Amino acid sequence: MSTPDRKQMLYVSPAYQRMWGVSADTLYAHSESFLDAIHPDDRERVRLAQANKLRGDYDEDYRVIHRDGSLHWVHSRAFPIRDALGEVYRIAGILEDITERKRAEDELRQNEQKLSEAQQIGPVGQLGMGCGGRQSELV
């Protein structure tokens, strides 16, 4: 949870340390430090999307490079918390490690591609079949 301007972190779950590999104290000291661990290909998109938190439109998947070098996929959502006058006074967020889901999706995609390739090759392999279903021999 942070202030609306994201300059001060008010609460960071202990799970942050497991996912990023750094102490939550780092985030308390420098509220934007989490960006340092985001994969370079995702970092600018996530940085720009931060403005959506005030509108309640922040919903991002991105990669985090853990301090031990491992790569983790994260699903991050955030939404504004408003006071009685409707003014945003806090931003709350939820992070979910979706690494296993992403791996399963990639594996499924690769298997679908292999199946598609095999189905395309199948009819070509049958071209050598002669009458009666026996393969013709070239002499």
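Me: How many helices and strands does the chain have?

Reply: Helices (H or I, at least four residues) and strands (E, at least two) are DSSP runs, numbered from the N terminus. In this predicted model, where local features need pLDDT of at least 70, side-chain atom pairs count only at pLDDT 80 or more, and totals for chains, interfaces and linings use all residues, the chain has 4 helices and 3 strands, in the order α-α-α-β-β-β-α from the N terminus. Residues are numbered from 1 along each chain as its sequence is written, and side-chain values use heavy atoms, with hydrogens and water left out.

Me: In what sense do E1 and E2 pair?

Reply: Two strands pair if DSSP finds at least two bridges between them. Here E1 (residues 58–65) and E2 (residues 71–82) are antiparallel, over 8 bridges, and Val64 has His72 in E2 as its bridge partner. The hairpin of E1 and E2 has 5 residues between the strands, and Gly69 takes a positive phi near 95° there.

Me: What share of the residues counts as buried?

Reply: Buried means under 20% relative accessible area, exposed over 50%, and partly exposed in between (1.4 Å probe, protein chains only). Of the 139 residues of this chain, 29% are buried.

Me: Which element supplies the largest share of the lining of the largest pocket?

Reply: Rolling a probe the size of a water molecule over the atoms shows where empty space is left. That share, 5 residues, comes from E3, while helix H1 (15–20), E1, E2 and strand E3 (88–97) each supply at least two residues of the lining.
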